[in-house]
Amino acid sequence: MRVKYVLSEVLVGLWRNVTMTIAMIITLAVSLTMLGVSGLVYSKVDDMKDLYYKNIQVSIFLKSDVTDQQRTDLETKLKSDSLVKEVLYVNKDEAYKRFQEMYQDAPDLVTAVKPDQLPESFRLTLVNPEQYKSIYDQYKDTEGVDEIVDQSRLLDKIFDLFTAGQNIALAGAIAMAIAALLLVANTIQVAAYSKRREVAVMKLVGASNWFIQAPFVLEAVVAGLIGSFLGLGALIALKFFLFDGSLSALQGLFSPVTWSDIFLTFPIMAGVGAVVSAVTGWVTLRFYLRV
């Protein structure tokens, strides 16, 4: 009987302040959507870092006048270096083939460059890509070495932009969460105020605080759960129209967003929406209404 009463009061409470309830649900949905997006962005950027850093190479370009002895000595030293996982020698012809593949859409540029203009190089795969500085310091003054280039320096700049995107998405989610919490608190206060006489009567007849608070807290929980379902719908739409639509041409550059990513994000959104709404409702009743 008590459960039936509580559930009926939840439905009545949600309908009584329907405009505020809708505003609360929409704000929660936007907040949870942004939370889900920021979570996906964080996980995808981490996946991209793992993928790209595993394939990062350090290129040691040789001088045009490098001797065979200098080249051999450098190769021997590199292959015995504990920081180096793999060594690949690229001669001028191989370098020219790679250049042609890289700039195949610019035939005038390819025609203007001759094979003997491109330097020989050693392409290194490091055991730990973050140890580039040690490789650079060790080999920068070696005879026959012209320049040492680390691909991770460029990737670091790119990932700095992604990190900024992560922070912006998270900041937006936090801002919307604050707005949602204020709406939840305000809605609970209005609902409790409209039922202040019933609450006073229940306290007089000995009803427990939990029994009095339960309908209000459950209103917030229901709003949070509905908001999380709307957020799930928004993520599905983003995947369908954005990730698999407008950005489909970039799938090779970015880690793809799968359906499992979307549906694994939903329990987090639902949990956060329900728990945060419940805690906000309980705190509001305890410290604002003194129920």
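**Entry 1: a word I need first.** I call a residue buried when its relative accessible area is under 20%, exposed when it is over 50%, and partly exposed in between. I also keep in mind that this is a predicted model.

**Entry 2: the overall layout.** I looked up the elements and found ten helices and four strands. Starting from the N terminus, I read their order as α-α-β-α-β-α-α-β-α-β-α-α-α-α. The protein has 291 residues, and 37% of them count as buried.

**Entry 3: the annotated regions.** I checked the UniProt record, an unreviewed entry, and it places the feature "transmembrane region" at residues 21–42, 168–193, 214–242 and 262–285. I then looked at two of these spans in the model. Residues 214–242 are 100% helix and 0% strand, with 41 Å between the end C-alpha atoms. Residues 262–285 are also 100% helix and 0% strand, and there the end C-alpha atoms are 34 Å apart.

**Entry 4: a patch on the surface.** Which residues form a nonpolar patch on the surface? I found Val18, Ile22, Ile26 and Val30, which together have about 300 Å² of accessible area. Val18 belongs to helix α2, residues 18–54. I noted Val18 as partly exposed because its relative accessibility is 31%.

Entry 5: How many salt bridges does a search of the whole structure find? My search gave three.

I began with Asp68 and Arg71, whose side chains meet at 2.8 Å, N to O. Both residues sit in helix α3 (residues 68–79), three residues apart, which is about one turn of the helix. Is Arg71 buried or exposed? Arg71 has 16% relative accessibility, so I count Arg71 as buried.

Next I looked at Glu75 and Lys79, which form a salt bridge at 3.2 Å, N to O. They are about one helical turn from each other because they are four residues apart in helix α3. Glu75 counts as partly exposed at 24% relative accessibility, while Lys79 counts as exposed at 56%.

**Entry 6: a link across the chain.** I went back to Arg71 and found a salt bridge with Glu120, at 2.9 Å, N to O. This pair links distant parts of the chain, 49 residues apart: Arg71 is in helix α3, and Glu120 is in the loop between α5 (107–112) and β3 (121–126). Arg71 and Glu120 are both buried. Through shared partners, salt bridges join Asp68, Arg71 and Glu120 into one network.

Entry 7: Which residues are buried in helix α4, residues 92–102? I found Ala95, Tyr96 and Phe99. These residues cover an arc of only 100° around the axis, so they lie on the same side of α4. On the other side of α4, I found Asp93 and Glu101 exposed. I also looked at the start of α4, where a side-chain oxygen of Asn91 comes to within 3.2 Å of the backbone nitrogen of Asp93.

Key. Residues numbered from 1 in each chain as written. Predicted model: local features only at pLDDT ≥ 70, side-chain atom pairs only at ≥ 80, totals over all residues. Heavy atoms only, no water. UniProt positions renumbered as here; feature names shortened; annotations may be inferred. Helix = DSSP H or I, 4+ residues; strand = E, 2+ residues; numbered from the N terminus. Buried < 20%, exposed > 50% of the residue type's maximum accessible area, 1.4 Å probe, protein only. Arc of directions from axis to C-beta. Polar contact = N/O pair within 3.5 Å; in protein donor to acceptor, adjacent residues only side chain to side chain. Patch = residues over 30% accessible without salt bridge, like charges linked within 9 Å, V, L, I, M, F, W, Y side chains within 5 Å. Areas by Shrake-Rupley, 256 points an atom, 1.4 Å probe, with all protein chains shown as cover. Salt bridge = Lys/Arg side-chain N within 4 Å of Asp/Glu carboxyl O.
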